[in-house]
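Please keep the structure in view while reading.

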Amino acid sequence: MKFWKKAVVSTIVAAAVVTAAQARDQIRIVGSSTVYPFASYVAEEFGVTTGNKTPVIESTGSGGGMKIFCSGNGLDTPDFTNASRPMKPSEFADCQKNGVKNITGMVVGYDGISIAQSNENKEMKLTKEQIFLALAEEVPSKDGKSLIKNPYKKWSDIDPSLPNREIRMIGAPTTSGTRDAFDEMVMEKASKSFPVYGGEYKKVRTDGAYIPGGENDNLIVQQLAQDKSAMGYFGYSFLEENHNKISGVSIDGVMPTADTIADGSYPVARSLFVYMKNDHIKDVKGMKEFANLFMSESMIGSKGVLKTIGLIPLPEKMRKKARESVKNLTPLTKEMVDKHTVLPVK
Amino acid sequence: MSKIDKNNGFYIPQLEKRRAKAKRFKYIAMSALIVSLAFLMFFLYDMFRQGIPAFKQTYVKIQVEITEENLENPYGFLDRDMISIVSRAWLRDLPNQAAANPEWLGTTQEFWALAGAESDQYMKGGENRLKDRVKDRIDELKESGDIRFQTNLIFFFTGDSKIPENAGFYSAIIGSILTMLVTMSLAVPIGIMTAIYLEEFAPDNKLTQFIEVNINNLAAIPSILFGLLGLAIFINFFGVPRSSALVGGMTLALMSLPIIIVSSKAALKSVPNTIRQAGFGLGLTRWQIVRDHVLPPAMPGMLTGSIIALAQAMGETAPLIIVGMIAFVPDAATNILSAATVMPAQIYTWSGMPEKAYIEKTAAGILVLLSVLITLNAVAIYLRKKYTKTW
């Protein structure tokens, strides 16, 4: 009987401990793998300099993060979610339905998606349309009247001025936010300039010219360094770190650099967001301080430390506006979500 | 081979052909071994080549005047070359250091400060993005002996960091230990008890056969499914905190259970039936026979099975992604309910970082994990060798 007594007591104690973990002193963050390094940097800084517990950050992808974030308003759900795109209306509706009604959005900076190749190749200049013709499953025929299966094998087949090189592009898998953003900003946009396509981009080609890489951008960089003829696309910070091996390809005449991404002239750039669950502020220690530290000039500013690890700062005016909005805990409204922003709509 | 006398009355003409066949087979089998050894050697060589430099770290001597102003803004007092040599992580921590040593205030202290990852790479002869004048400055410091390598204690005594030179394996090691404790205390007793019941007590009927087939099947399914199970049961239903060592340990326990049961059953089966019959002959109960005569000789087999199952669980990442243990956790977990990460998860996270210093740390982490696994397997072999009885 002794054994049973012990077993019952220990089960009760364990259950009590589990429920006692409710009021928290540690912030929990989920979301985008692109925002993950920046958020982790701020989290670490927050832990070291304020004496609070360092927030725990999981890299779940933007969509995965939204799903967990919006799953409920209780303290067992995360306090922040990172996203490499604005919250979708469907996700906002999901949040509302599950009682997550008081959200503040923070826009923290830009990230560019760069196409790159090994340094040993000659400089390459592409337009969005050329990239589209190289990668789409179906392309307009020569007379432009019908859609045919992609016949292009070499870049020079698309435009004689391009080098006589096989088309091989290593990109992100479908689960990745980088892939979503690339499809949206390059493929979908370019498809609009071919009337026969009806403005609707469908699918990337599957005959081996497009090679889905892993989520790990480092591996794509290594592959490019090995395989001189291939090209690849990934987050700009990986180009920045590996200038000795790979170089950027200009799109529509603009090279991917920190400056061109910041001033908006580089066409394949996106904003990065963090969403905060305001109802948790009273129960979770340090949330407001964390949000304010993230938005501070020393982090996301034009001389901030996040710039050194690849975040492209917002323009000064916008930084100020975003900072104010977070300070006032401006609630996210349906109107803002529909307009793809987190700042108050005039 | 000596020349065979064909006139010998015992000479069989096919013999030579058969010998040649046997020899060929031997060489084919051997080359298979050589190929796998070559892969292993290449992997180990590559890991050592990349990982060994991570065990030393550059430190630079600096003088700091401890004033309130300098503590207010610890990034301001160094000149513009030194600021790119000294690690930001070290400067960031200076106010905390000074607060712990109030007598420093108003004096000038000399420190061996942690150097940044770029200068560290330059010292190690690797690629770096330092400006030429900073490189010259490092060369000067090297000549005067004010910059040097020290054993990288940070790697073993701090947690993860987004500042590469400050990143360590400590929180992952602690996390792995806690997770393994949970796994071990759940999986080993449950697994061994199940095996004892199935092997010694349960009747041999359709139901137990069905259970056995299922257990064997479970031992082979992909580990990520256990992660999904863990998410559904432990997190969503029982409300165990995400990313904690408890939920990770329970999930891995589920994964190790079938392996432990199967190997324990095999160990029990290998105890000859005559021993049990002798026990019955003496009028012992089944419980007494199992406790005193079957378990002791079966124990080494059960232990090795358990250790190998635990070693496998220790190297597992897939199910832990699902229960949220692949996370940025710089502080070491203090109990099984706080957020933790494990060694393979930390390796996975580092391998995805763009900075060169993390590539070094990834390899070093792999070396640490490998040596832990080798130790565990060696213990398993030792136990088997020492206690195995042969009949």
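The model shown here is predicted. The account begins with the division of each chain into domains, then turns to the contact between the chains, and ends with some individual residues.

Chain A is divided into two parts: domain 1, made of residues 2-111 together with 271-338, and domain 2, which covers 112-269. Taken over C-alpha atoms, the centres of domain 1 of chain A and domain 2 of chain A are separated by 32 Å. Where these domains touch, domain 1 of chain A contributes nine residues and domain 2 of chain A contributes 13 residues. About 2800 Å² is the area buried between chain B and chain A, while the area buried between domain 1 of chain A and domain 2 of chain A is about 790 Å², with carbon and sulfur atoms giving 54% of the latter. Three residues, Y110(A), D111(A) and I312(A), supply 54% of the area that domain 1 of chain A buries against domain 2 of chain A, more than any other three residues.

What kinds of residue does domain 1 of chain A present on the side that touches domain 2 of chain A? By class, that side has four nonpolar, four polar and one charged residues. Across this interface between the domains of chain A, the rule finds zero salt bridges.

Chain B is divided into domain 1 (13-52), domain 2 (55-166) and domain 3 (170-390). The C-alpha centres of domain 1 of chain B and domain 2 of chain B lie 49 Å apart. Strand β1 of chain B, residues 56-65, is joined by five bridges to strand β3 of chain B, residues 147-151, and the two run antiparallel. Within this pair, V60(B) has I147(B) in β3(B) as its bridge partner. β1(B) also pairs in the antiparallel sense with strand β2 of chain B, residues 108-114, over seven bridges. There, E65(B) stands opposite T108(B) in β2(B). As a general point, side chains in a regular strand alternate between the two faces of the sheet.

The next topic is the interface between the two chains. The contact takes 32 residues from chain B and 31 residues from chain A. On the side of chain B, R92(B), K162(B) and F328(B) lose the most area to chain A, together 23% of what that side buries. Of the area buried between the chains, carbon and sulfur atoms give 49%.

How many salt bridges does the rule find across the interface of chain B and chain A? The rule finds four. One salt bridge is formed by R242(B) with E58(A), whose closest N and O atoms are 2.7 Å apart. Side chains of opposite charge can pair when their charged atoms come close. Between chain B and chain A there are also 13 residue pairs in polar contact, both residues being at pLDDT 80 or more. The elements that give two or more residues to the side of chain B that touches chain A are α4 (88-100), β4 (327-328) and α15 (343-351) of chain B. The largest share of that side, four residues, comes from α4(B). By class, the side of chain B that touches chain A has 13 nonpolar, nine polar and 10 charged residues.

Strand pairing also links the two chains. Strand β2 of chain A, residues 56-58, and β4(B) pair in the antiparallel sense over two bridges. In this pairing, I57(A) stands opposite F328(B) in β4(B).

P37(A) is found in helix α2 of chain A, residues 36-50. Leaving aside neighbours within four places in sequence, P37(A) is in contact with I309(A) and K162(B).

Over all chains, the count of salt bridges comes to 29. Among them is the one between R24(A) and D79(A), where the closest N and O atoms are 2.9 Å apart. This pair links distant parts of the chain, 55 residues apart: R24(A) is in the loop between α1 and β1 of chain A, and D79(A) is in the loop between α3 and β3 of chain A.

Finally, consider the backbone angle phi. For L329(A), phi is near 55 degrees, a positive value in a residue other than glycine. L329(A) is placed in the loop between α14 and α15 of chain A. H340(A), which lies in the segment after α15 of chain A, has a positive phi near 60 degrees and is also a residue other than glycine.

Key:
Residues are numbered from 1 along each chain as its sequence is written. Chains are lettered from A and ligands numbered from 1 in the order in which they are written. This is a predicted model: local features need pLDDT of at least 70, side-chain atom pairs count only at pLDDT 80 or more; totals for chains, interfaces and linings use all residues. Side-chain values use heavy atoms; hydrogens and water are left out. Contact means heavy atoms within 4.5 Å. Buried area is the accessible area (1.4 Å probe) that two parts lose on being put together, summed over both. A salt bridge is a side-chain nitrogen of Lys or Arg within 4 Å of a carboxyl oxygen of Asp or Glu. A polar contact is a pair of N or O atoms within 3.5 Å; within protein, one must be able to donate a hydrogen and the other to accept it, and residues adjacent in sequence count only if both atoms are side-chain atoms. Ala, Val, Leu, Ile, Met, Phe, Trp, Tyr, Cys and Pro count as nonpolar, Asp, Glu, Lys and Arg as charged, and the others, Gly among them, as polar. Two strands pair if DSSP finds at least two bridges between them. Domain bounds come from an automatic or database domain assignment.
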